Amino acid sequence: MNLTKTPNCHWLNQDLVLFHGTTLVSAQGIINSRIDLTLGRQALDFGIGFYTTTSEDQARGWARKKAFAPDTPALVRYEVSRNALALLEFLAFVRSDNMAHDFWDFVVYCRSGNIGHARGKDIPYFDVVVGPLVQQWKTRRTVHPDSDQLSFHTDNAVQILQNSKPQLIL
């Protein structure tokens, strides 16, 4: 195998940039205090957790949905070490077509309000779940095109986000 350097290759194991869309007041609380996993809703795509995306546009959409007048939409930006993330337990879904039964079974399980990720009593949640953003799951199974979500479900996972020096973006 030839391991010579590829011209114009820019992979340096750089940090992963993530965004969380919310209101200005919530963003300031997240940055100045810490992420509180108990404040989230249970029946989301991957269950209760803290949701982020690699797409700034997608996060801005979430922020606009959450911010009603007089609230101001805001983003929290994270630059997270991939090596730190590698220490966590991940569940990742890369397909979401109608034949991706594991993805849709998991979404239905979580959206139905079940607690945990069906792992057992000792370790109820994966640290992080990664997959497409669901658009519809009851009548039709569709996802938002060009979307992703990384949800953080444990204190260990949240600590990695908090250690990444979150930044406020308006």
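The following conversation goes through a predicted protein model, from its overall fold to single residues.

Student: What should I know about the model before reading any values?
Tutor: This is a predicted model in which local features need pLDDT of at least 70 and side-chain atom pairs count only at pLDDT 80 or more, while totals for chains, interfaces and linings use all residues. Residues are numbered from 1 along each chain as its sequence is written, and side-chain values use heavy atoms, with hydrogens and water left out.

Student: How many helices and strands does the protein have?
Tutor: The protein has five helices and nine strands. Helices (H or I, at least four residues) and strands (E, at least two) are DSSP runs, numbered from the N terminus.

Student: And which pattern do they follow along the sequence?
Tutor: The pattern is β-α-β-α-β-α-β-α-β-β-β-β-α-β.

Student: What share of the residues is buried?
Tutor: Buried residues make up 43% of the 170. Buried means under 20% relative accessible area, exposed over 50%, and partly exposed in between (1.4 Å probe, protein chains only).

Student: What about the exposed surface?
Tutor: The protein exposes about 10200 Å², and carbon and sulfur atoms supply 53% of it. Accessible areas come from the Shrake-Rupley method with a 1.4 Å probe; for residues, only the protein chains shown count as cover.

Student: How much of the contact set joins residues 24 or more positions apart?
Tutor: Such residues account for 75% of the contacts with a separation of 6 or more. Contact means heavy atoms within 4.5 Å.

Student: Changing topic: where does helix α2 pack, and which of its residues are buried?
Tutor: Helix α2 (residues 56-66) has Gln-58, Ala-59, Gly-61, Trp-62 and Ala-63 as its buried residues. These buried residues pack against β1, β2, β3 (73-80) and β8.

Student: Where is His-117?
Tutor: His-117 is in the loop between α4 (101-111) and β5 (128-131), and at 5% relative accessibility it counts as buried. Its side chain reaches the backbone oxygen of Phe-46 at 2.9 Å. Beyond its neighbours within four places in sequence, His-117 is in contact with several residues, among them Phe-46, Phe-106, Tyr-109 and His-153.

Student: Then Arg-34: which side chain does it make a polar contact with?
Tutor: The side chain of Arg-34 makes a polar contact with that of Gln-159 (3.4 Å). A polar contact is a pair of N or O atoms within 3.5 Å; within protein, one must be able to donate a hydrogen and the other to accept it, and residues adjacent in sequence count only if both atoms are side-chain atoms. Arg-34 is in the loop between α1 (24-32) and β2 (50-52) and counts as partly exposed at 38% relative accessibility.

Student: Last one: what is the phi of Asn-13?
Tutor: Asn-13 has a positive phi of about 55 degrees although it is not a glycine. Most residues other than glycine have a negative phi. Asn-13 lies in the segment before β1 (16-23) and is partly exposed, with a relative accessible area of 31%.

Student: What about Asp-146?
Tutor: Phi of Asp-146 is near 50 degrees, also a positive value in a residue other than glycine. Asp-146 sits in the loop between β7 (142-143) and β8 (149-152) and counts as exposed at 81% relative accessibility.
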